[in-house]
Amino acid sequence: MHRKGSAQQALEAPRAAGLAGVVFALLLAAAIVLVRLGLPQGAGAATAQGFTNSARRGALQTALALVPFAGIFFLWFMGAIRAHVGAAEDRFLATVFLGSGLVFTATMFGAAAAAGAVLSVAHPAGTAPAPASWDFGRHFAYTMMVGYAMRMAAVFVSVVSAIGHRLGVLPRRLTALGCLTALTLLFCSGNVPWSELVFPAWSLVLSGYILVAGARSRSRPAPRA
């Protein structure tokens, strides 16, 4: 009981984690939407003809500019949560939490780099990329994002939900939402377009809960000595 109570107190007001999580969720969602619009999936080599559109190129360039900042805020989000869990965290879960978060960040950066390669491929200005270059860059970017990054995101979500459930710091509905999010990312992200948006949506919900819980704890009167 003492361990659970100390963990509850430590996690009641992690304002930095909540704010970082909100910023990360918004940046990642914007990047995913812009990549989906600027670099369509599954349309074959014919899609390369539309890449001469300046709006499509601009959307992809904006997404690539957002990804590094999303990664920075995600690392901050991870660090703030881990610091507030402190000594109460389980070593096994803490290792999986840290590993999945770092691999997710690395694969997200890899997907962005692959998408950036499509922009910088050698071809005359105003013309479409060569079909071979277009297909390789597009498929590699989406494989990194939906095939690997989102699977690591699923592991991250499930571990955070497990930690929150074991320590009693997350409500049952939020842990259930985490389980559904993890399953969606594991089994649907590679087959259902736009399903990867459930990860930033879950991050936004979790961060909102952290901020609300922190505000409530600060508004409570201090216990008498």
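Buried means under 20% relative accessible area, exposed means over 50%, and partly exposed is in between, with a 1.4 Å probe and protein chains only. We're working on a predicted model, where local features need pLDDT of at least 70, side-chain atom pairs count only at pLDDT 80 or more, and totals for chains, interfaces and linings use all residues. Residues are numbered from 1 along each chain as its sequence is written, and side-chain values use heavy atoms, with hydrogens and water left out.

**Exercise 1. Work out which class of accessibility T175 falls in, and what T175 touches.**

Step 1: find the element. T175 sits in helix α6, residues 172-187; helices (H or I, at least four residues) and strands (E, at least two) are DSSP runs, numbered from the N terminus.

Step 2: apply the cut-off. T175 is buried because its relative accessibility is 9%.

Step 3: The T175 side chain gets to the backbone oxygen of R172 at 2.7 Å.

Step 4: list the contacts (heavy atoms within 4.5 Å). Once residues up to four places away in sequence are set aside, T175 touches S161, H165 and L170.

**Exercise 2. Describe the overall fold of the chain by its elements and contacts.**

Step 1: count elements. You get 7 helices and 0 strands, and the order from the N terminus is α-α-α-α-α-α-α.

Step 2: check burial. Of the chain's 225 residues, 42% count as buried.

Step 3: check contact range. Take contacts between residues at least 6 apart in sequence: 83% of them join residues at least 24 apart.

**Exercise 3. Find the largest cavity and characterise its lining.**

Step 1: set the rule. On a 1 Å grid over the protein atoms alone, a cavity is a set of points where a 1.4 Å probe fits but cannot get out, and lining residues have an atom within 4 Å of a point. Grid points are joined across faces, edges and corners, and a volume is the space filled by probe spheres set on the points.

Step 2: count and size. That rule gives 1 cavity of 30 Å³ or more, and the largest cavity holds about 170 Å³ of space.

Step 3: name the lining. It has 15 residues, and V35, V67, M108, A111 and M145 are the closest to the centre. Helices α2 (15-38), α3 (54-85), α4 (91-120) and α5 (131-167) each give at least two residues to the lining, with the largest share, 5 residues, from α4.

Step 4: sort by class. Ala, Val, Leu, Ile, Met, Phe, Trp, Tyr, Cys and Pro count as nonpolar, Asp, Glu, Lys and Arg as charged, and the others, Gly among them, as polar. The lining comes out as 15 nonpolar, no polar and no charged residues.

Note on methods. Polar contact = N/O pair within 3.5 Å; in protein donor to acceptor, adjacent residues only side chain to side chain. 1 Å grid on protein atoms, 1.4 Å probe; cavity = no way out; pocket = protein on both sides within 12 Å on 5 of 7 lines; lining within 4 Å.
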